[in-house]
Amino acid sequence: MSATYDDFFDMWAGLLHHVTGEHEWALGACHHGPLSDNRDKEWIEKGSVAHRALIEIVLNARWLGEVVKYLGFRSTAELESFHNHILMYASKRFSFTPPVYSARTLLAGLDYNHHVHRPVQRKADGSIEYRKLYNKKSRKWSLYTMKVDKDYGYIPDLQRAILRSRTTADRGMPRVRRQRPDDPRQYGVLCGIPPPTTEELLHTQVSRRQGPRTT
């Protein structure tokens, strides 16, 4: 991966040397290691029709003008994975007070960081173990790689840190916490429509269950 346009261009233009069997030149060299002598295909002859056609592709002005847009490209897959991991601890189906939500998010971060680099699960013969997954939206099957089970090895250290913090604290835990200025609960229900009174809702629901009156 190239960090700057100049680094990319040096590596990209070096392709024109590499395909001819030239791996070191005046202004640079290939980044690969030693190549095997047992090569089935021949190198492209320098200056040949094929080599000149490749030069036109590699040094295409339009391509080189737009490639800078892709040098900073980064996938958001890992970020989306982390957000999904937070939902395991703080589901959108439930409401939490800010302190509880903050604690659940921190626990999700500890879990994610501790297990994100788990090795893949392997079968007895050493092959990677996969699982099938069906996507209802696309109606297609796909495979995902299984990883070894989580060990939660950080939990004992977390418990010791909590106990140490409480035993060395000079005051007890607060029973009542003041509402922070950014606490969303101060805005009430954010539905855009003021709620009716309890009596109005009760009358509407009871009338709907009973249906029209008959004489």
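**Helix packing, charged pairs and surface**

A: The buried residues of helix α6 pack against α7, where contact means heavy atoms within 4.5 Å. This is a predicted model, in which local features need pLDDT of at least 70 and side-chain atom pairs count only at pLDDT 80 or more, while totals for chains, interfaces and linings use all residues. Residues are numbered from 1 along each chain as its sequence is written, and side-chain values use heavy atoms, with hydrogens and water left out.

Q: Which residues of α6 are buried?

A: They are His-85, Ile-86 and Tyr-89. Buried means under 20% relative accessible area, exposed means over 50%, and partly exposed lies in between (1.4 Å probe, protein chains only). Seen down the axis of α6, the buried residues fall within an arc of 105 degrees, so they line one face of the helix. The arc is that of the directions from the helix axis to the C-beta atoms.

Q: What should the 13 residues of α6 span?

A: At 1.5 Å a residue, helix α6 (residues 77-89) should span 18 Å, and its end C-alpha atoms are 19 Å apart, which agrees. The expected span is 1.5 Å times one less than the number of residues. Helices (H or I, at least four residues) and strands (E, at least two) are DSSP runs, numbered from the N terminus.

Q: New topic: how many salt bridges does a search of the whole structure find?

A: The search finds five. A salt bridge is a side-chain nitrogen of Lys or Arg within 4 Å of a carboxyl oxygen of Asp or Glu. Side chains of opposite charge can pair when their charged atoms come close.

Q: Where do Arg-62 and Glu-66 lie?

A: Both lie in helix α4, four residues apart, which is about one turn of the helix. Arg-62 counts as exposed at 66% relative accessibility, whereas Glu-66 counts as partly exposed at 30%.

Q: And what do the side chains of Lys-150 and Asp-111 meet in?

A: They meet in a salt bridge, at 3.3 Å, N to O. Lys-150 lies in the loop between β4 (140-145) and α8 (155-168) and Asp-111 in helix α7 (residues 98-115), so the pair ties together parts that are 39 residues apart in sequence.

Q: Is Asp-111 buried or exposed?

A: Asp-111 counts as buried, at 1% relative accessibility.

Q: Which residue does Arg-131 form a salt bridge with?

A: The partner is Glu-129, and the closest N and O atoms are 2.8 Å apart. Arg-131 is partly exposed, with a relative accessible area of 35%, while Glu-129 counts as buried at 16%.

Q: Let us turn to the backbone. What is the phi of Arg-139?

A: Arg-139 has a positive phi of about 60 degrees although it is not a glycine. Arg-139 is found in the loop between β3 and β4 and counts as exposed at 67% relative accessibility.

Q: What about Tyr-152: where is it found?

A: Tyr-152 is found in the loop between β4 and α8. Its phi is near 50 degrees, a positive value in a residue other than glycine. Tyr-152 counts as partly exposed, at 36% relative accessibility.
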